[in-house]
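Subject: Structure handover

Dear colleague,

Please find the structure below, followed by notes on what was found in it.

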Amino acid sequence: MQGDDGKLVAACFAGVNFWNIAFLEMLWVDESCRYQGFGSCLLQKVEQEAKVNGAGIVILEARDWNVDFFKKHGNTV
């Protein structure tokens with residue numbers, strides 16, 4: 001995702017594999033742009049893409065510092 005000035009403010013590495021399992025291995029938001037909904041928007045897009053591609057589950061790779069973000073969106077550890 002790009003901000004109004006064209007600067008990269010958020011990105012993720014995600015997809016759906018051959019077995020229809022969606023994955024999200026990285027979600028990044030520039031520190032100056034956090035708490036503005038960019039991460040939530042990307043997570044929603046990953047979930048929508050998973051549904052469109054017939055994925056039955058989404059596997060998230062989280063670290064200690066972002067587990068709460070994913071839990072806030074209804075994901076479990």
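The side chains of Asp30 and Ser32 are joined by a polar contact of 2.4 Å (a pair of N or O atoms within 3.5 Å, where within protein one must be able to donate a hydrogen and the other to accept it, and residues adjacent in sequence count only if both atoms are side-chain atoms). This is a predicted model, in which local features need pLDDT of at least 70 and side-chain atom pairs count only at pLDDT 80 or more, while totals for chains, interfaces and linings use all residues. Residues are numbered from 1 along each chain as its sequence is written, and side-chain values use heavy atoms, with hydrogens and water left out.

Asp30 sits in the loop between strand S2 (21–29) and helix H1 (38–52), helices (H or I, at least four residues) and strands (E, at least two) being DSSP runs numbered from the N terminus. Asp30 counts as buried because its relative accessibility is 17%, the cut-off for buried being under 20% relative accessible area with a 1.4 Å probe and protein chains only. Leaving aside residues up to four places away in sequence, Asp30 touches Lys7 and Val9, where contact means heavy atoms within 4.5 Å.

As for pockets, each is an open set of points on a 1 Å grid over the protein atoms alone, where a 1.4 Å probe fits, with protein on both sides within 12 Å along at least five of seven lines, and lining residues have an atom within 4 Å of a point. The largest pocket is lined by 22 residues, with Leu27, Arg34, Trp65, Asn66 and Phe69 nearest its centre. S2 contributes the largest share of this lining, six residues.

Best regards

How values were computed. Buried means under 20% relative accessible area, exposed over 50%, partly exposed in between (1.4 Å probe, protein chains only).
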